[in-house]
Amino acid sequence: MADMLSRLRPWVFPVLVLSLLEWYVRSVADSSDALATPLQAARAWWDLLWLSSDEGLWRVTGFTLGTAALGLGMGAGCGLLLGLLLGLSPRAARMSFLTVEVLRPIPSVALIPLAMLVFGFGVRMELSVVAFATFWPMLILTQAAARQVEPRLLEVSAALGLTAWQRTWWIVLPAMVPRLFVALRLGVAVALVVAVTVEIAANPNGMGYAMMIAQQSMEPARMLAWLFWIGVVGMVINVVTLRAQQWAHVRMGGSVTDTHRVSA
Amino acid sequence: MALLSFEGLGIHLGGREILSPTSFEVARGEFVCIIGPSGCGKTTLLRAAAGLVQPSAGAIFRQGNKVLRPSREVAFVFQDYTRALLPWRTVQGNVMLALEAAQVPVAQRAARVQQVLKTVNLQAHQHKFPAQLSGGMQQRVQIARCLAQSPDVLMMDEPFGALDAMTREALQDELARLVREQGLTVLFVTHDLEEAIYLGDRVIALRTNPTPQRPSVAAMIDVPIAHPRDHLGVKEHPEFLRLRRELYHYLGHG
């Protein structure tokens, strides 16, 4: 009984807030066209769930996640390769330092106008902005990970007479893996945020666009349903990537007890 | 011919003279301990002998060849075993690394790993990861990896310094047995006087802040106690007491 109560505890606050909201919209803001009650939003979400057209929940979600994943693949992939190069070669890092520091601070969404000019409306434009946004954290974190390999391990590889190639494949890359998973987790979060932003601002597809359309056609219940759903999707993705990161940490020899340090 | 010879070895690091010109030789099969207070350059000397640091003056020769870079014939046991092991490889995998590096034929690797693990009593733990082992066991893994190299010389940098007293004594005895059985040549750095006398055939004491008038090597003393040695016997041996007093004086306490 006490066990069950403690499991219910995290739900107390959300239920309280939702109840208050339900009461507020029903009583005080009854005549509002801009607000919907949580129950109405839930109803709208349920309808979307069973809608089998192109505006259905799964297809729209699939579009956003697919585009985010593809953009992440391109951006993070390039960031990983270039980050490795810059991390392993101090000369390359010195040569590229200025370029990186000039381009990196550009907010990725500021690229939307340019991307629209080049790619028009649609998937390719969204992909390019997501790829740009995820490229930088991956580049910087990969570079840092390559430099933070335990120096003692590099001495061990020297003492064992490893070639540069063996040192990279057997020592440096495996030692980097836990930090690369941290970088990937950050990249996934950035990709989702940027994908939804681009859809709200420019690309007439995906969850961001669906939410915008609901808002513009005065359907606050549907808008709130999408908002809630985007939150749920983000939460699930965060849990999955956190698990992956912890798995990598343990698999690569970190002790199980300090996984909480990487979960931060 | 001496296996290792140090000829006027001097090392400067960051504008400071760590080692003033130092000369001595190590014969094959000899166990030489280097002791001295912190900062006397004993670790630097060992690293130079392994080719991990370049000397500023003089040279080191191994079997008549100048040491310019690390070699697989020299195995190096680091003090910080936690950092020196690959945490993503099992005990077996860590030992295997030495064989992979030396390009030992794949067919021979497994048998060689088993043989080495047996000599350090780690067969039962071979599928564990380093993080699952105690400090003493982790250090044994590192020693096993070094033995797998079949080295000419084993360089050990305070290998037991971070272990508790019981484990340290057990590993000292294990090392002494290995050295006797396999006829290893060992250069062993420690700051523990008793450990140096217990293990060494010869003890070299270094001093801090060497000058041309006061060279790095403060004393070089043979240990005339027969092998095999045991902790109780050696520590009551009159020679042990005499050497300890003498070295204590050289290390600047007297």
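Good morning, colleagues. Chain A contains eleven helices and zero strands, where helices (H or I, at least four residues) and strands (E, at least two) are DSSP runs numbered from the N terminus. This is a predicted model, in which local features need pLDDT of at least 70, side-chain atom pairs count only at pLDDT 80 or more, and totals for chains, interfaces and linings use all residues. Residues are numbered from 1 along each chain as its sequence is written, while chains are lettered from A and ligands numbered from 1 in the order in which they are written.

I continue with chain A. Its pattern along the sequence reads α-α-α-α-α-α-α-α-α-α-α. The radius of gyration of chain A is 23 Å, well over the 18 Å that the globule rule gives for 264 residues, so chain A is more spread out than a compact globule. That radius is taken over C-alpha atoms, and the rule is 2.2 Å times the number of residues to the power 0.38. Along the principal axes, the C-alpha trace of chain A spans about 75 × 60 × 30 Å. Of its 264 residues, 36% count as buried; a residue is buried if 20 or more other C-beta atoms lie within 10 Å of its own, exposed if 12 or fewer, and partly exposed in between, with C-beta atoms placed from the backbone.

Two helix pairs in chain A deserve attention. In the first, helix H6 (residues 123–147) and helix H8 (residues 164–201) of chain A pack at an angle of about 155°, their axes 8 Å apart. Axes are lines fitted to C-alpha atoms, for helices over the stretch in contact, and angles run from 0 to 180 degrees between N-to-C directions. H6(A) is therefore roughly antiparallel to H8(A), a term for angles over 145 degrees. The crossing of H6(A) with H8(A) is right-handed, meaning that the near helix is turned clockwise from the far one by less than a right angle; anticlockwise is left-handed. Their contact has 19 nonpolar, three polar and three charged residues. Here Ala, Val, Leu, Ile, Met, Phe, Trp, Tyr, Cys and Pro count as nonpolar, Asp, Glu, Lys and Arg as charged, and the others, Gly among them, as polar.

In the second pair, the axes of helix H9 (residues 206–216) and helix H10 (residues 220–251) of chain A come within 8 Å and cross at roughly 155°. H9(A) and H10(A) are therefore roughly antiparallel to each other, and H9(A) passes H10(A) in a left-handed crossing. Among the residues making the contact are Met207(A) and Met211(A) of H9(A), and Trp226(A) and Leu227(A) of H10(A). Two residues are in contact if their C-beta atoms, placed from the backbone, lie within 7 Å.

Let us turn to chain B. Chain B has nine helices and ten strands. Its radius of gyration is 18 Å, which agrees with the value near 18 Å for a compact globule of 254 residues. Of those 254 residues, 44% count as buried.

How many residues of chain B are in contact with chain A? The number is 19, in contact with 17 residues of chain A. Helix H3 of chain B gives the most to this side, with three residues. By class, the side of chain B that touches chain A has 15 nonpolar, one polar and three charged residues.

Lys128(B) is partly exposed, with 15 other C-beta atoms within 10 Å. Leaving aside neighbours within four places in sequence, Lys128(B) is in contact with Thr90(B), Val91(B) and Leu133(B).

Key: Angles under 35 degrees count as roughly parallel, over 145 as roughly antiparallel, 65 to 115 as roughly perpendicular and the rest as oblique.
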